[in-house]
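User: Could you take a close look at how the helices pack against one another in this model? I would be glad of one connected walk-through, with a few individual residues picked out along the way.

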Amino acid sequence: MPVTVARFNLVAPGAGPAELGARYRAALEMAAYADDRGMTTVQTEEHHGAENNWLPSPFAFAGAVFGATRRVAVTVSAIIGPLHDPLRLAEEVAVLDLLSNGRLVTVAGIGYRPEEYDLFGVDFARRGTLQDELLETLLKAWTGEPFSYRGRTVRITPRPFTEPHPLLLVGGSSRAAARRAARLGLPFFPSAHLPELEAYYKELLVEYGTEGWVMMPAAETPLLHVAEDPDRAWSRYGRHFLHEARTYASWQSGGVRSAVKSAATTVEDLRAEGVYRILTPDACVALGLDSYVLHPLAGGMPVEEGWRSLRLFCERVLPRLAG
């Protein structure tokens, strides 16, 4: 059975508070629907100061999803680690881990937008050092035992539900990220299909004498939307995918490697590129992927169209993937 993911970043260009509130509530209803029908994961993420209202508070959203669901995991992919206070983050994740009975998965990256660091007055040049401190602090804090932190002794309570600690992966596309994960014995989450980086990480595990594993996107990891008539859907809704693709492209320098990086500048280019795909239920099943990532509210997609896509996936795709 493939992994099936419903992705939500709550982007809504130009939306006011009332529209955003309705959109957030719709995402929670969609998460509950997906959970009831057997989808495995809700994925969310973190960006700050975006004009299009990109979700800045993934853990608040995760908590709401846990309250509305019973089985589905929530993957926060990824938090921008150096922007978080390590002790507060340890508490936040511990509470969500307890609340969810261990359903939270946190991927910690360092980000790639200096503007986000400027917003919080954090030195972008120190992001590697800050990420090391964050990860080391989380692992110590979740033991529930006193430890030394910035020259003083501290202790964090409550202890999380998951033993030995909540699932924490190190995200990134650099050798530094792979080294960080291997040194700490944490799983590695490359941001794209990077087999050479996976091999480097595994070499480092041996060198450090630690244990770990890799969760890496497949070579083909399209973001999906399901429709009875893909031509009509591209014509009516393709601009929403293009908005997200162009936003990502404006943030990512040439050195950033991502499974969803797009060079498209028109809807036609985006459709041909294949990073975002609108497919019929039959074509979706025929993909034969190890993981299916549905993006029902991409780029400000109308909520009613998001529901059509999700229902088609759950009713006409998901049962056939199980077979």
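Analyst: Happy to. Let us start with α5 and α6, which pack at an angle of about 25°, with their axes 11 Å apart. Axes here are lines fitted to C-alpha atoms, for helices over the stretch in contact, and angles run from 0 to 180 degrees between N-to-C directions. Angles under 35 degrees count as roughly parallel, over 145 as roughly antiparallel, 65 to 115 as roughly perpendicular and the rest as oblique; α5 and α6 are therefore roughly parallel to each other. Their crossing is right-handed, the term for a near helix turned clockwise from the far one by less than a right angle, with anticlockwise being left-handed. On the α5 side the contact is made by Gly128, Gln131, Asp132, Leu135, Glu136 and Leu139, and on the α6 side by Arg180, Arg183 and Leu184. Contact means heavy atoms within 4.5 Å. These residues divide into 3 nonpolar, 2 polar and 4 charged. In that scheme Ala, Val, Leu, Ile, Met, Phe, Trp, Tyr, Cys and Pro are nonpolar, Asp, Glu, Lys and Arg are charged, and the others, Gly among them, are polar.

Before going on, please keep in mind that this is a predicted model, in which local features need pLDDT of at least 70 and side-chain atom pairs count only at pLDDT 80 or more, while totals for chains, interfaces and linings use all residues. Residues are numbered from 1 along each chain as its sequence is written, and side-chain values use heavy atoms, with hydrogens and water left out.

Helices (H or I, at least four residues) and strands (E, at least two) are DSSP runs, numbered from the N terminus. Is arginine 180 buried or exposed? With 10% relative accessibility, arginine 180 counts as buried; buried means under 20% relative accessible area, exposed over 50%, and partly exposed in between (1.4 Å probe, protein chains only). Not counting residues up to four places away in sequence, arginine 180 touches Ile110, Gly128, Gln131, Asp132 and Leu135.

Helix α5 (residues 127-141) also packs against helix α3 (residues 86-100), at an angle of about 50° and with the axes 9 Å apart. The two are therefore oblique to each other, and α3 passes α5 in a right-handed crossing. Here Pro86, Leu87, Leu89 and Ala90 of α3 meet Glu133, Leu134, Thr137, Leu138 and Ala141 of α5. By class, that contact has 7 nonpolar, 1 polar and 1 charged residues.

Now for another pair. The axes of helix α1 (residues 17-36) and helix α2 (residues 58-68) cross at roughly 45° and come within 9 Å, so α1 and α2 are oblique to each other. This crossing is right-handed. From α1, Ala27, Leu28, Ala31 and Ala32 meet Phe61, Ala64, Val65 and Ala68 in α2. The contact of α1 with α2 has 8 nonpolar, no polar and no charged residues.

Glutamine 43 counts as buried, at 18% relative accessibility. Leaving aside neighbours within four places in sequence, glutamine 43 is in contact with Val5, Ala6, Arg7, Phe8, Thr75 and Ser77.
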